[in-house]
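Visitor: I would like to learn how to read a few features of a structure. Please take them one at a time.

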Amino acid sequence: MDTRACANCHVVGPGGIPQGGPGNHPMFAGINTQGLATNSPSLTWDFIGRLKNVTKMKIVIKGLETGDDAALAVENGADGIIVSNHGGRATETGRGTIEALTEVVQAVAGRIPVLLDGGVRRGTDVFKALALGASAVGIGRPYIWGLSAFGRAGVERVLDIVNNELRLAMVGCGTRSLEEITPSSIVDTGRRG
């Protein structure tokens, strides 16, 4: 239903494929993006400060998977972190986001929120992420599945299912509130892949 042309917001190359770096996006208006590309060494930690100088919005860094990067994000002024491997597409043979979560949470040490994105399909996945220290989770694919099948009602039903599964997991583990979900709520059986 969106009839806007991609070229209104992005530089478009042959065949209508969006091209170019962040300087071509309206959201970067007012920010010096010369020589900056999202996948090049020119994007350094000082960019967080550059963003903070031109906006009052919170700066949340998505795509971190290591404690070292999390510590650097905090040092450089990030307001939050999203542990993400971008659906596994960028690092499909690497570890899952849930495996990286504890390391990131430990490095952040409660100074900023840490969210988990990727692999959240059920309420039990939400429970595990919260137990390992996530402040919140991103629910991507189930949301899209509900939307594509039944529109808004499908999204609402997916969220109802995930919430009910989370409540059942909480009851099963004896946690009466989200605050009571801690690392001791889950058991590491020692199985390593």
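Visitor: What kind of link do the side chains of D117 and K62 form?

Guide: Side chains of opposite charge can pair when their charged atoms come close. Here the side chains of D117 and K62 form a salt bridge, 3.3 Å from N to O; the term requires a side-chain nitrogen of Lys or Arg within 4 Å of a carboxyl oxygen of Asp or Glu. D117 belongs to strand 5 (residues 114–117) and K62 to strand 3 (residues 60–64), so the pair ties together parts 55 residues apart in sequence. Helices (H or I, at least four residues) and strands (E, at least two) are DSSP runs, numbered from the N terminus.

Guide: A note on the source: this is a predicted model, in which local features need pLDDT of at least 70 and side-chain atom pairs count only at pLDDT 80 or more, while totals for chains, interfaces and linings use all residues. Residues are numbered from 1 along each chain as its sequence is written, and side-chain values use heavy atoms, with hydrogens and water left out.

Visitor: Is D117 buried or exposed?

Guide: Buried means under 20% relative accessible area, exposed over 50%, and partly exposed in between (1.4 Å probe, protein chains only). D117 counts as buried because its relative accessibility is 17%, whereas K62, at 44%, is partly exposed.

Visitor: Which side chain joins that of D117 in a polar contact of 3.3 Å?

Guide: That of S84. A polar contact is a pair of N or O atoms within 3.5 Å; within protein, one must be able to donate a hydrogen and the other to accept it, and residues adjacent in sequence count only if both atoms are side-chain atoms. S84 sits in the loop between strand 4 (80–83) and helix 3, and is buried at 0% relative accessibility.

Visitor: How many salt bridges does the structure hold?

Guide: Six. One of them joins K52 and D79 at 2.9 Å, N to O. K52 is in helix 1 (residues 46–52) and D79 in the loop between helix 2 and strand 4, so this pair ties together parts 27 residues apart in sequence.

Visitor: Where do E156 and R152 lie?

Guide: Both are in helix 5 (residues 141–173), four residues apart, about one turn of the helix. R152 is exposed, with a relative accessible area of 66%, and E156 is partly exposed at 38%.
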